[in-house]
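The entries are kept in the order in which I looked.

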Amino acid sequence: MGPVGVPVTPLPLMPLLLALALLSPWGSAGGSCPPRCVCASNILSCSQAVLSSVPAPLPRFTAVLDLSHNNVTRLRADWAPGRLAHLHALLLSHNGLSFVSTEAFAHVPHLRHLDLSSNRLRALEENLFSDLTELEVLLLYNNEIAAVDRTAFENLGRLRKLYLGQNRIARFPLELLRDGSRLPQLALLDLSANRLRALPVGELQALPAWLRDRLYLHGNPLACDCPLFQLVARGRRRRLSAVMDFQEELRCLLPTAPAPVGILALAGRQPLNCSEAREAVLEAHLGDTVTLSCDTRLRGVRSRHWVTPGGERVLEEGGNGSAALLANGSLQLRALRPEDAGTYACWVAGPLLNETLYVELLVHNFTLHGPHDTLNTAYTTLVGCILSVVLVLIYLYLTPCRCCCCRGAEKPPAPRDDSINSSPCRSRSASATGPGQNGRFKVGGTPQPPPRHGPKVQRKVSDPDSVSSVFSDTPIVV
């Protein structure tokens with residue numbers, strides 16, 4: 001009953017229900033919930049609905065679309081005829097999907113999560129995901145992928161997690177990670193259970209530790225070698241998750257072993273007999289400029305500082321003296337001195353925990369290991385050779401004679417077999433020499449033995465006054 005006898009008329013029920021329906025997204029002009037699907041708010045779930053194609057039309061306000069466990073074998077460019085500006089998650093796992101058009105994602109530019117796992121994809125074609133500039137997570141594990149084009153992940157500047165495990169990949173384009181410009185935000189790369197036989201260990205070791213912490217390589221038929229062992233051993237010392245969580249699955253193949261062996265079991269094992277390399281050891285010379293890297297596995301670092309071997313703290317960028325803290329957290333040392341050698345510590349404060357890194361610096365003297373050693377060694381060798389030649393010449397031509405004087409050059413040369421004439425020294429006769437005396441004065445007056453008849457030459461008597469064995473004219477008696 002209304003005021004002063006005016007009756008109250010109840011509102012009609014149908015217009016009220018229509019008004020409530022207009023407030024719901026599924027009752028608006030955006031579309032209705034497709035058959036065999038479950039709709040809740042902006043989530044559209046069509047999982048296990050025995051679908052062979054994407055249902056149409058799709059409501060334009062859909063944010064999460066689950067099409068997993070169906071029979072959608074081909075994803076063409078027209079699967080979403082209209083722009084789905086709100087869609088940020090698309091789930092297509094377990095569909096037997098074997099074809100994805102390079103234009104399939106043109107109408108979903110804001111997609112952040114894409115699940116294509118457990119399908120039959122065999123290759124990642126050129127620029128396949130280039131339209132997904134906001135993609136953060138890409139799941140491609142458990143497919144049949146054997147070829148990966150290096151441009152397949154072009155323009156994915158926000159990609160953080162890439163799952164490619166359980167495929168047939170024999171080579172992955174690791175150059176995508178080398179300079180950090182193509183996938184700058186990537187923090188997880190799963191390449192486990194593929195067909196990788198060799199790894200560019202040098203390139204992997206150069207990657208930042210926060211990426212190596214989530215670089216999964218277990219379950220591959222890798223060939224055993226010492227660089228691979230040292231890479232894994234460093235990861236264990238740094239307690240990287242990719243090594244600590246899968247130590248048993250990190251195995252490799254030896255030519256002499258019938259089954260794979262643990263990579264970490266190669267230490268001291270024949271035939272490789274690998275040994276662990278020292279971690280973070282840098283060698284330099286006096287006067288050099290070196291940069292010590294703070295290779296932390298923490299992301300979102302709040303602050304960091306260095307402590308020198310002398311206990312000095314380098315806190316601010318620019319530093320003082322010969323030590324300077326760079327913008328990326330590295331420590332630069334200029335004009336190295338012998339006292340700069342030692343162990344440097346980098347203290348890192350992360351959002352959840354802290355980490356301390358140690359770098360050992362060895363400073364060598366130029367006279368031992370410096371760049372001038374080659375020149376110094378050449379000069380030393382040249383001087384040594386010259387001195388050797390001079391000594392040989394002195395020995396051959398300037399050896400002093402113990403005789404009183406030397407004979408002149410008027411005497412004709414003796415026969416070739418006269419060994420006494422080979423000496424540079426001659427004794428002067430006190431008187432004229434008689435025949436058969438061979439120009440030498442004999443103190444004792446020993447007569448020359450009579451000549452023998454025949455072709456043989458006259459044999460000489462040895463000189464009892466020979467001064468040295470070098471210049472002795474004593475003949476060898478045959």
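The entries below go from the whole chain to single elements and then to cavities and pockets.

**Entry 1. Basis.** I worked on a predicted model, in which local features need pLDDT of at least 70 and side-chain atom pairs count only at pLDDT 80 or more, while totals for chains, interfaces and linings use all residues. Residues are numbered from 1 along each chain as its sequence is written, and side-chain values use heavy atoms, with hydrogens and water left out.

**Entry 2. Whole chain.** I found eight helices and 24 strands in the protein chain. Helices (H or I, at least four residues) and strands (E, at least two) are DSSP runs, numbered from the N terminus. Of the 478 residues, 35% are buried; buried means under 20% relative accessible area, exposed over 50%, and partly exposed in between (1.4 Å probe, protein chains only). I then looked at contacts, meaning heavy atoms within 4.5 Å. Among those between residues at least 6 apart in sequence, 57% join residues at least 24 apart.

**Entry 3. Nine-stranded sheet.** I traced an open sheet of nine strands with mixed pairing, in the order β1-β2-β3-β5-β7-β9-β11-β12-β13. The edges are β1 (38-40) and β13 (215-216); each has a single partner strand, so one side of each is left without a neighbour in the sheet. Two strands pair if DSSP finds at least two bridges between them. I checked β7 (residues 113-115) against β9 (residues 137-139) and found parallel pairing over three bridges. Aspartate 115 has leucine 139 in β9 as its bridge partner.

**Entry 4. Five-stranded sheet.** I traced an open sheet of five strands, ordered β17-β24-β23-β19-β20, again with mixed pairing. Here β17 (281-285) and β20 (313-314) are at the edges with a single partner strand each, so one side of each lacks a neighbour in the sheet. Strands β19 (residues 303-307) and β23 (residues 342-349) run antiparallel and are joined by five bridges. Arginine 304 has valine 348 in β23 as its bridge partner.

**Entry 5. Serine 101.** Is this residue buried or exposed? I find serine 101 buried, as its relative accessible area is 13%. Serine 101 sits in the loop between β6 (99-100) and β7. A polar atom of its side chain lies 3.2 Å from the backbone nitrogen of glutamate 103. Leaving aside neighbours within four places in sequence, serine 101 is in contact with Leu75, Arg76, Ala77 and Leu128.

**Entry 6. Helix α5.** The twelve residues should span 16 Å, and the end C-alpha atoms are 16 Å apart, which agrees. At the N-terminal end, aspartate 225 caps α5, with a side-chain oxygen 2.9 Å from the backbone nitrogen of leucine 228. Just after α5, arginine 239 takes a positive phi of about 60°. The buried residues of α5 are Leu228, Phe229, Leu231, Val232, Ala233, Arg234 and Gly235. These pack against α3 (201-206), β14 (222-223), α6 (241-244) and β15 (251-253).

**Entry 7. Aspartate 245.** I located aspartate 245 in the loop between α6 and β15. Aspartate 245 is exposed, with a relative accessible area of 53%.

**Entry 8. Cavities.** On a 1 Å grid over the protein atoms alone, a cavity is a set of points where a 1.4 Å probe fits but cannot get out, and a pocket is an open set with protein on both sides within 12 Å along at least five of seven lines; lining residues have an atom within 4 Å of a point. Grid points are joined across faces, edges and corners, and a volume is the space filled by probe spheres set on the points. I counted three cavities of 30 Å³ or more.

**Entry 9. Second largest pocket.** I recorded about 780 Å³ for the second largest pocket. Of its 32 lining residues, Arg238, Ser293, Cys294, Asp295 and Thr296 are the closest to the centre. Two or more lining residues come from each of α3, α4 (209-212), α5, β17, β18 (290-292) and β24 (354-364). Strand β24 gives the most, with five residues.

Methods. Expected span 1.5 Å × (residues − 1). Polar contact = N/O pair within 3.5 Å; in protein donor to acceptor, adjacent residues only side chain to side chain.
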